[in-house]
Amino acid sequence: MTAGAPRPKVGAVVLTMNDRPEEFPRAMASLLAQQGVDLDVVVVGNGCRPAQVPAGVRTVELPENVGIPEGRNVGAAAVTDDRDYLFFFDNDAVLSSTDALARLAAELDRDARIAYVQPRITDPDNGVTQRRWVPRLRASDPARPGTVTVMAEGVVLIRRSAFQAAGGWPGHFFLFHEGIDLAWRLWNRGYTGRYLPAVTVHHPATNPARHATFYRLNARNRVWLARRNLPRVLIPLNLTTWLALTLWRFRDRAALRASLSGLREGLRGGHGTRAPMSWRTVAELTRSGRPPVV
């Protein structure tokens, strides 16, 4: 950002269930310490009244847990209307520098075709970046920047106009794969994504399978993702590839049964409005390293 230029206007959305009494204050402190941006922060209590909220930070209290993507939609709607960018931030993450948000926003300022930018996420104890945090298929070098076709939705900065035009997060997903769904819809509107590993965020490397419903929701949403977004001819190819990989990887029979239950649930319906991407988008995603069949 050049001297005298207006500061980027960022609306930050943080979800809480009051279940991280040690991590949440650290996350909020690192967020409120950001410099070089005009920051508006909204904390959403997902089924609770938010606790430990710093003075001056606005809150939204939801009477029940509506899931992560819908909770983030609620927070995005509560951000003041003048915000250019939306920053979605997990309540156990920590921004490692006070200029992290400004640097991410500068990347969006640089190119109007970029809809979202993601920093590199590292474990605070060992510095390791998990495979699932690198938004591309070839993830052996997490320090390599570039164009990406998906996102790690827990720490990402998104152009607000693009987010709204794409319809926001798929709230009915409740948990898992909502970042791929939104990224595909952004790409289908002519946008791209950017991975900026020079900006780092610390986040504990917890296992998503710790959630009791992980395998069912992961499978169900994978089906919904395909049925909502892919040309019809690609849907069976996408799901067959996923199912083959699932059968090859799994050794836990209970996990496999839960996954197959989610698969059946997804096939029965509930995926929401179908808006298949164009073949041009399929080609763009493929050229950018992640064909929408894997």
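This is a predicted model: local features need pLDDT of at least 70, side-chain atom pairs count only at pLDDT 80 or more; totals for chains, interfaces and linings use all residues.
View 1. Leu104 is found in helix H3, which spans residues 100-110. When neighbours within four places in sequence are left aside, the residues in contact with Leu104 are Phe87, Val117, Gln118, Pro119, Leu157, Leu196 and Val199. For one of these pairs, Leu104 and Val199, the separation is 95 residues in sequence, while the C-alpha to C-alpha distance is 7.5 Å.

**View 2. The largest nonpolar core and another core apart from it.** The largest nonpolar core has 45 residues, and those with the most contacts inside it are Phe88, Tyr116, Met151, Ile158 and Leu186. Helix H5, residues 178-188, supplies six residues, the largest share of this core. Another core, of 32 residues, lies apart from the largest one and has Leu95, Ile114, Leu157 and Leu196 among its members. As general background, nonpolar side chains in soluble globular proteins tend to be buried together.

**View 3. The packing of helix H5 against helix H6.** Helix H5 and helix H6, the latter covering residues 214-229, pack at an angle of about 15°, and their axes are 10 Å apart. That angle makes H5 roughly parallel to H6, since angles under 35 degrees are counted in this way. The crossing of the pair H5 and H6 is right-handed. On the H5 side the contact is made by Ile180, Asp181, Trp184 and Arg185, and on the H6 side by Leu225, Arg228 and Asn229. Sorted by class, the contact of H5 with H6 holds three nonpolar residues, one polar residue and three charged residues.

**View 4. The packing of helix H6 against helix H7.** Helix H7 covers residues 235-249, and its axis comes within 9 Å of the axis of H6, the two crossing at roughly 160°. H6 and H7 are therefore roughly antiparallel to each other, the class used for angles over 145 degrees. H6 passes H7 in a right-handed crossing. The contact brings together Asn218, Ala219, Arg222, Val223, Ala226 and Arg227 of H6 with Ile235, Asn238, Leu239 and Trp242 of H7. By class, the residues in the contact of H6 with H7 divide into six nonpolar, two polar and two charged.

**View 5. Ala219, a buried residue of helix H6.** Ala219 is placed in helix H6, and its relative accessibility of 0% is why it counts as buried. Residues up to four places away in sequence not being counted, Ala219 touches Trp242, Ser259, Gly262 and Leu263. Ala219 is also one of the H6 residues that make the contact with H7, in which Trp242 takes part on the H7 side. As a reference distance within the chain, Ala219 and Val60 are 159 residues apart in sequence, and their C-alpha atoms are separated by 31 Å.

**View 6. The packing of helix H7 against helix H8.** Helix H7 and helix H8, the latter made up of residues 253-268, pack at an angle of about 165°, with a distance of 11 Å between their axes. That angle makes H7 roughly antiparallel to H8. H7 passes H8 in a left-handed crossing. In the contact itself, Leu239, Trp242, Leu243, Thr246 and Leu247 of H7 meet Leu256, Ser259, Leu260, Leu263 and Leu267 of H8. The residues of the contact of H7 with H8 divide into eight nonpolar and two polar, with no charged residue.

View 7. Most residues other than glycine have a negative phi. Asn18, although not a glycine, has a positive phi of about 60°, and its place is in the loop between strand E1 (9-16) and helix H1 (23-32). With a relative accessible area of 33%, Asn18 is partly exposed. Gln52, likewise a residue other than glycine, has a positive phi near 60°, and is placed in the loop between strand E2 (38-46) and strand E3 (58-62). The relative accessibility of Gln52 is 44%, so Gln52 also counts as partly exposed.

Note on methods: Residues are numbered from 1 along each chain as its sequence is written. Side-chain values use heavy atoms; hydrogens and water are left out. A nonpolar core is a set of buried Ala, Val, Leu, Ile, Met, Phe, Trp, Tyr and Cys residues joined through side-chain atoms within 4.5 Å. Buried means under 20% relative accessible area, exposed over 50%, partly exposed in between (1.4 Å probe, protein chains only). Helices (H or I, at least four residues) and strands (E, at least two) are DSSP runs, numbered from the N terminus. Axes are lines fitted to C-alpha atoms, for helices over the stretch in contact, and angles run from 0 to 180 degrees between N-to-C directions. Angles under 35 degrees count as roughly parallel, over 145 as roughly antiparallel, 65 to 115 as roughly perpendicular and the rest as oblique. A crossing is left-handed if the near helix is turned anticlockwise from the far one by less than a right angle, and right-handed if clockwise. Contact means heavy atoms within 4.5 Å. Ala, Val, Leu, Ile, Met, Phe, Trp, Tyr, Cys and Pro count as nonpolar, Asp, Glu, Lys and Arg as charged, and the others, Gly among them, as polar.
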